[in-house]
Structure formats: C-alpha cells, structure tokens
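Biologist: Hi! Could you walk me through this structure, one piece at a time?
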Amino acid sequence: RQAVVSTQSTGEQGSTGCDKATEAPTSFSFLQHWNEYKKKKDESGFAKLLESCDSSTLGRLFSTPMLEADMVMGICGAISLHFIPNKLDAKAVEVLTALSKAPRFDVITMLLNSKDKKSIHTMISKLNYDASVLEKLKNTF
C-alpha cells in the first residue's frame with residue numbers, strides 16, 4: 001500500500017507519503033523511496049519527502065534496521081542542497097535530531113570516514129539555529 005499526499009499549494013496528489021492528513025509511510029515504503037531517489041541521484045526529491053514528514057514519523061522511519069551510512073549521507077546531502085538554501089533550518093535540525101536518535105546511529109557514525117564527518121559538520125555549521133543545539137548535533141555526528 002502506498003501512501004498518498006496532497007501538495008500544499010495545488011491540492012494535487014503525490015506519493016511521498018508523509019502528509020499528516022493522510023496515512024504516514026511505513027519503513028518499507030520509505031526505503032522504497034530512498035532506493036528510487038538514490039538510483040536517480042535525486043536529492044531534491046528525497047529532501048521533499050523528508051520535509052513533508054513530522055518528527056514522530058521521521059523517528060519511526062529512521063528506526064529501520066536498513067539505515068546505513070549511505071542513507072545518513074544522503075539525508076545530509078538533501079539538507080545541504082535543499083533545506084539550507086530554502087532556509088528550512090528548523091526542519092533540518094528536526095531531521096538531524098530524529099536521525100541521531102535512530103537505534104543504529106552510533107554504529108553508523110563510527111563507520112563514517114573523516115571526510116564524511118567533516119562534510120556533516122560543515123553542513124551543520126551552515127544552519128541558522130540555536131548554537132547550543134547545533135553544537136550538540138556536531139558532537140553527536
């Protein structure tokens with residue numbers, strides 16, 4: 001079953017699956033979207049999926065055992081290329097915070113290479129948000 005989402009401005013239907021007014025996506029459908037976006041190298045589309053999810057949905061989606069380093073980097077890439085330029089800093093922090101609470105997150109971040117960690121820290125530094133929250137995120141990543 002695929003969730004259907006209404007777009008905010010036009011009322012059209014999409015298949016991102018995270019609008020509060022409709023059924024939230026399952027971890028399985030989230031992974032399907034991730035794999036689709038990864039194949040197409042469509043970080044903007046993946047960012048729109050993340051943007052449409054509320055924090056409780058994000059936490060559930062990130063708790064999948066399929067969460068891997070490439071997905072963490074894809075999420076961070078989506079934040080860099082979509083959230084930051086569109087001034088969605090609070091949503092970016094919400095996504096990163098939910099991601100940092102994922103069950104496998106500590107293991108995944110231990111496996112990130114220094115280049116990836118530096119890129120995540122640089123991305124976090126570009127966010128316009130409470131400095132103490134950003135520092136905590138940097139320490140988490």
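Modeller: Happy to! One term to start with: a residue is called buried when its relative accessible area is under 20%. Keep in mind that this is a predicted model.

Biologist: Thanks! Which residues are buried in helix 2?

Modeller: In helix 2, Gly45, Phe46, Ala47, Leu49 and Leu50 are buried.

Biologist: And what do the buried residues of helix 2 pack against?

Modeller: They pack against helix 1, helix 3, helix 4 and helix 5.

Biologist: How many residues does the largest nonpolar core have?

Modeller: That core has 39 residues. Those with the most contacts inside it are Phe46, Leu50, Phe62, Ile75, Ile79, Leu96 and Phe141.

Biologist: Which helix gives the largest share of this core?

Modeller: Helix 4 does, with eight residues.

Biologist: Let's pick Leu96. Leaving aside its neighbours within four places in sequence, what is Leu96 in contact with?

Modeller: With those neighbours set aside, Leu96 is in contact with Cys76, Ile79, Met123, Ile124, Leu127, Leu137 and Phe141.

Biologist: New topic: Glu94. Where is Glu94 found?

Modeller: Glu94 is found in helix 5.

Biologist: Why is Glu94 called partly exposed?

Modeller: Because its relative accessible area is 25%, and partly exposed covers values between the buried cut-off of under 20% and the exposed one of over 50%.

Biologist: What is Glu94 in contact with, leaving aside neighbours within four places in sequence?

Modeller: Glu94 is in contact with Cys53, Asp54, Ser55 and Leu58. Also, the C-alpha atoms of Glu94 and Gly59 are separated by 9.8 Å, with the two residues 35 apart along the chain.

Notes
Residues numbered from 1 in each chain as written. Predicted model: local features only at pLDDT ≥ 70, side-chain atom pairs only at ≥ 80, totals over all residues. Heavy atoms only, no water. Core = buried A, V, L, I, M, F, W, Y, C linked by side-chain atoms within 4.5 Å. Buried < 20%, exposed > 50% of the residue type's maximum accessible area, 1.4 Å probe, protein only. Helix = DSSP H or I, 4+ residues; strand = E, 2+ residues; numbered from the N terminus. Contact = heavy atoms within 4.5 Å.
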